[in-house]
Amino acid sequence: MSTNPMHQFEVYRIGPELSLGGIDISFTNSSLFMLISAASILLILSYATTKKNLIPSKIQLLSELSYNFIAKMISDTAGSNGKAFFPFIFSLFVFVLFCNMIGMLPYAFTVTSHIIVTFFLASIVFIGVTILGFIKHGFKYLKLFVPSGVPVLLLPLIVVIEIISYLSRPVSLSVRLFANMMAGHTMLKVFGGFVISLGFLGGWLPLSFSVALTGLEILVAFLQAYVFAILTCIYLNDALNLHH
Amino acid sequence: MTIKNGKNISTRLKIAKNRIYKNLKNTNQIEGSSIGSALKMSTELVVTVVVGSTIGFILDGWFDTKPWLTITFFFIGVIAGILNVFKTAKKMQKK
């Protein structure tokens, strides 16, 4: 095993090399773990909803709890108009959550520790919300960049500022998730390396740190999925209910 | 006996449900969303600066005005980041 803390983020090809129009589309370990998380979501949720008991089993309770959690989040932030987007936000939340949690298992690859994956997810949200805003409000959606009650002299500056903060949405959404996952897993690996190098006598301190960090990382894995979903709801709210 | 018990159970269920909803409103929901806003503010403060400077850098390439637009947009990005923090804080105080 390598002691390099960045080695765990390496993407390598599994199976034959495939290319489509000059773009490498080979199956990698990243795609494998995306498939694993998607498959486990499907398995768990479909198993949970096969036997619908009045007194729910633990797994049924889990799926109902997550349903309620997201439904409440959407109605709290985006209002009743946001209900139609429940399937999208639920899939997004559960996918990010499972990718993060499966990444916590030993020898597993963390899909969300690569910025291209998180940036792609964030771009879907960003482009979708922008298109939705224009469909809902037409060119009035551009009022989002012109807050009310601003002096005319300051208006050019404010518009530029608003455009920058609008464009920074997908970047901040993706960087937050990617940076948290990558930093956490690197830290775990570094402390793990200390345990080995300090040996039986000195290794106990980093080992206890490692255990504590694992707990923290599980919290972060859940929290980042939650933040990703709730910020998607907030952006959706901006597009659905224009306030300015 | 059974009817009496049934009534008891339904009233007790109502009380218990109310208590759970109150607890949910009081603790979990607010704590969770404030952690969310804190994460949102801290990353946006940094990311707007990066996005602003990048836009300035691209525009510099288009208009051939090498460092000036990058510098200007860097500062606009800083302002946008701070403004975002103020906006989020204001929204949180309204709640």
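**Helix packing, cores and chain contacts**

Author: Helix 2 of chain A and helix 3 of chain A are oblique to each other, oblique being what is left once angles under 35 degrees (roughly parallel), over 145 (roughly antiparallel) and 65 to 115 (roughly perpendicular) are set aside. Please keep in mind that this is a predicted model, in which local features need pLDDT of at least 70 and side-chain atom pairs count only at pLDDT 80 or more, while totals for chains, interfaces and linings use all residues. Residues are numbered from 1 along each chain as its sequence is written, and chains are lettered from A and ligands numbered from 1 in the order in which they are written.

Reader: OK, at what angle do helix 2 and helix 3 of chain A pack, and how far apart are their axes?

Author: Helix 2 (residues 58-77) and helix 3 (residues 86-103) of chain A pack at about 120°, and their axes are 10 Å apart. The axes are lines fitted to C-alpha atoms over the stretch in contact, with angles running from 0 to 180 degrees between N-to-C directions; helices are DSSP runs (H or I, at least four residues) and strands are runs of E (at least two), numbered from the N terminus.

Reader: And which residues make that contact?

Author: From helix 2 of chain A come A:Ser66, A:Ile70, A:Ala71 and A:Ile74, and from helix 3 of chain A come A:Phe86, A:Ile89, A:Phe90, A:Phe93 and A:Val94, where contact means C-beta atoms, placed from the backbone, within 7 Å. By class, this contact of helix 2 with helix 3 of chain A has 8 nonpolar residues, 1 polar and no charged ones.

Reader: What about helix 1 and helix 3 of chain A, at what angle do they pack?

Author: Helix 1 (residues 29-48) and helix 3 of chain A pack at an angle of about 120°, with axes 9 Å apart. Their contact has 9 nonpolar, 2 polar and no charged residues.

Reader: Switching topic, which residues touch the most other members of the largest nonpolar core?

Author: In that core of 37 residues, they are A:Phe93, A:Ala225, A:Phe228, A:Ala229 and A:Cys233. A nonpolar core is a set of buried Ala, Val, Leu, Ile, Met, Phe, Trp, Tyr and Cys residues joined through C-beta atoms within 7 Å, and a residue is buried with 20 or more other C-beta atoms within 10 Å of its own, exposed with 12 or fewer, and partly exposed in between. Helix 6 of chain A provides the largest share of this core, 12 residues.

Reader: What does A:Cys233 contact, leaving aside neighbours within four places in sequence?

Author: A:Cys233 is in contact with A:Met73, A:Ile74, A:Thr77, A:Ala78, A:Gly82 and A:Ile89.

Reader: How many helices are in chain B?

Author: Chain B has 2 helices and 0 strands, and buried residues make up 23% of its 95 residues.

Reader: Last one: is A:Pro16 buried or exposed?

Author: A:Pro16, in the segment before strand 1 (19-20) of chain A, is exposed, with 7 other C-beta atoms within 10 Å.

Methods: Contact = placed C-beta atoms within 7 Å. Nonpolar A, V, L, I, M, F, W, Y, C, P; charged D, E, K, R; others polar.
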